[in-house]
Amino acid sequence: MRLVYVREAHPSDGWQVPQNETQGVIVRTPRSLTERNEVADTCAAKLKLDFPVVVDGIDDAVEKAYAGWPDRIYVIDKTGKIVYKGAPGPAGFKPREAEQALIALLEPTKPI
């Protein structure tokens with residue numbers, strides 16, 4: 001499992017939401033890949049993620065290819081085939097559905 005960090009959904013120099021201000025999530029739009037990596041590292045640390053986080057390039061190629069912004073859950077098999085695509089989050093997050101897709105993917109005798 002990996003998380004792909006794409007562009008910031010609510011940057012302080014863009015559409016900042018009150019919840020981010022309350023929670024102290026004040027992030028301006030990264031202007032370089034180094035800045036985006038720093039934001040992704042901070043995000044992973046604050047969320048205590050225990051799996052790898054990869055970062056979309058500053059050109060947003062992954063976000064554009066998968067429509068992953070502002071956030072979305074995908075399960076992708078080893079060949080690159082999308083086996084689960086959740087609706088935009090956070091309201092569209094269905095972790096149990098993603099979990100079932102992962103289980104089916106790891107048990108090849110069961111259909112997805």
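This is a predicted model: local features need pLDDT of at least 70, side-chain atom pairs count only at pLDDT 80 or more; totals for chains, interfaces and linings use all residues.
Residues are numbered from 1 along each chain as its sequence is written. Local features need pLDDT of at least 70, and side-chain atom pairs count only at pLDDT 80 or more, while totals for chains, interfaces and linings use all residues; side-chain values use heavy atoms, without hydrogens and water.

**Exercise 1.** State which pattern the chain follows along the sequence.

Solution. Start with the elements: there are four helices and four strands. Helices (H or I, at least four residues) and strands (E, at least two) are DSSP runs, numbered from the N terminus. Now read them along the sequence: β-α-α-β-α-β-β-α.

**Exercise 2.** Find where D60 lies, and decide whether D60 is buried or exposed.

Solution. Locate the residue: D60 sits in the loop between β2 (53-55) and α3 (61-66). Check its backbone: phi is positive, about 60°, although D60 is not a glycine. Most residues other than glycine have a negative phi. Then check the cover: the relative accessible area of D60 is 13%, so D60 is buried (under 20%; exposed is over 50%, partly exposed in between; 1.4 Å probe, protein chains only).

**Exercise 3.** Work out which residues of α4 are buried, and what they pack against.

Solution. List the buried residues of α4: A98, A101 and A104. They cover an arc of only 120° around the axis, so they lie on the same side of α4. The arc is taken from the directions from the helix axis to the C-beta atoms. An α-helix has 3.6 residues a turn, so residues three or four places apart point the same way. Next, find the partners: the buried residues of α4 pack against β3 (74-76) and β4 (82-85) (contact: heavy atoms within 4.5 Å). Last, turn to the face away from the buried side: it carries the exposed residues P95, R96 and L106.
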